[in-house]
Amino acid sequence: MSPRENAEEHTAAGPRARAQAPADAARTVTGPCPPPAPRVAADTGGTAYVLALDVGGTGMKAALVDAASPRPELLHEERRPTGAERGPGAVVEAVLDFAAHLAALGTARYGTGPAAVGLAVPGIIDERTGTALFAANLGWRDVPLRALLAERLGGVPVALGHDVRTGGLAEGRIGAGEGTDRFLFVPVGTGIAGAIGIGGRVEPGAHGGAGEIGHLPVRPEGPRCGCGQRGCLELFASAAAVGRAWAAVCGDPEASAADAAAAVTAGDPRAAAVWQDAVDALADGLLLALTLLDPRTLIIGGGLAEAGDALFVPLRAALRERVSFQQLPTIVPAALGDAAGCLGAGLLARDLLSAEVTSR
């Protein structure tokens, strides 16, 4: 069976039943992605480059990334909607089409195709086989993405990575954790996830599930999470949770976490109470993670981190109150924003090239 036939068979339902993981939906890029004006470097014929794709539940980001300089440079960037509403098969085709478009653009501009491809996707993945095992927000199961993409691009080597771990790779190497041997990257957005950085790489775990701190039960008697547990961290401390809590208090069903943060800054005591509840839950979850992992640097990203000191000042204080024997890490905001996924995917592709050179 060809990779494409295999994908058609397994996109909507695979041979192994898997529990739905709503945290996947938390790790999507935000909002529809109407393509902005692409940023393109000056024509430098013969440039060695890799192709980087960051796929979310709503939008896809892709870039041509320089393959040779010490720090990866984005030579060209584009965005497209993922089109998840059209079904899992259409999403796979959209990813392949986007990659082919960028490869053709790179060939026309630089006189050669991409040397390798890095692809970051949400959900549960098997990096070893290059298979997207499950993504609740995209609807696919057991899709051989690495094989499909290599086939579409004529045999170009492809690295498949988890979106949060890929973003963490970029933050650890060239972002807020640069130069740190051990870090924990925690994007706090619609949901909460984590990437565990050790010695320049990010730990995937034995089954591809390392870093799912959003599903640490911090309020065991709390409501049931979509994962099946009760009281998971992301039910209380994610941007979505803060938005829901503030909407219930202020009476505006459209209120968001950003609105709550603005109300905190404006001195609204109701918002301060909602915010502190979320900070306390986040500190409880992070304390568990710090106790287990002992990172040197804790990097907080995602939408909630955009609140700046409104988040970081009380969060640092809450963690200081909770530690006993644990060493408190340096706590810093993420540095790369939504470029982290593409930069990380570019690093995956560059690592693939380095591994090929080493193995020769």
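**Cysteines**

I looked up cysteine 232 and found its sulfur 3.6 Å from the closest cysteine sulfur, in cysteine 227, which is too far for a bond. A disulfide is taken here as a pair of cysteine sulfur atoms within 2.5 Å, and by this rule I count zero disulfides. I noted that cysteine 232 is buried at 0% relative accessibility, where buried means under 20% relative accessible area, exposed over 50%, and partly exposed in between (1.4 Å probe, protein chains only). Cysteine 250, at 27%, is partly exposed.

**Ground rules**

I am reading a predicted model, in which local features need pLDDT of at least 70 and side-chain atom pairs count only at pLDDT 80 or more, while totals for chains, interfaces and linings use all residues. Residues are numbered from 1 along each chain as its sequence is written, and side-chain values use heavy atoms, with hydrogens and water left out.

**Threonine 166 and glycine 161**

I placed threonine 166 in helix H5 (residues 163–174) and glycine 161 in strand S8 (residues 158–162). Helices (H or I, at least four residues) and strands (E, at least two) are DSSP runs, numbered from the N terminus. Threonine 166 is buried at 3% relative accessibility, and glycine 161 is buried at 2%. For contacts I used heavy atoms within 4.5 Å. Leaving out residues up to four places away in sequence, threonine 166 touches Gly161, Ala120 and Leu348, among others. With the same exclusion, the contacts of glycine 161 include Thr166, Ala120 and Leu348. I also checked glycine 161 against glycine 208: they are 47 residues apart in sequence and 9.8 Å apart in space, C-alpha to C-alpha.

**Cores**

A nonpolar core is a set of buried Ala, Val, Leu, Ile, Met, Phe, Trp, Tyr and Cys residues joined through side-chain atoms within 4.5 Å. The largest has 41 residues, and Val186, Leu282, Leu286, Leu298, Ile300 and Leu319 touch the most other members. Among the elements that supply at least two residues each are strand S9 (182–187), helix H9 (269–293), strand S12 (297–301) and helix H10 (309–322). H9 gives the most, with 12 residues. I then followed leucine 298, which is in contact with Leu184, Val186, Leu286 and Leu319, among others, its neighbours within four places in sequence set aside. Apart from this core lies another, of 36 residues, including Tyr49, Val55, Leu64 and Val143.

**Sheet**

I traced an open sheet of five strands in the order S11-S10-S9-S12-S13, with mixed pairing; two strands pair if DSSP finds at least two bridges between them. Strand S11 (201–202) and strand S13 (330–333) each have a single partner strand, so one side of each is left without a neighbour in the sheet. S9 and S12 run parallel and are joined by five bridges. In S12, isoleucine 299 stands opposite phenylalanine 185. H5 packs on the sheet, and its direction makes about 130 degrees with that of S9. Axes are lines fitted to C-alpha atoms, for helices over the stretch in contact, and angles run from 0 to 180 degrees between N-to-C directions. H10 lies across S12 and S13, at about 160 degrees to S13.

**Aromatic pair**

I searched the whole structure and found one aromatic pair. Tyrosine 49 and tyrosine 110 form it, tilted, at 5.4 Å centre to centre with 50 degrees between the planes. Rings of Phe, Tyr and Trp (its six-membered ring) pair if their centres lie within 6.5 Å; planes under 30 degrees apart count as stacked, over 60 as edge-to-face and the rest as tilted. Both tyrosine 49 and tyrosine 110 are buried.
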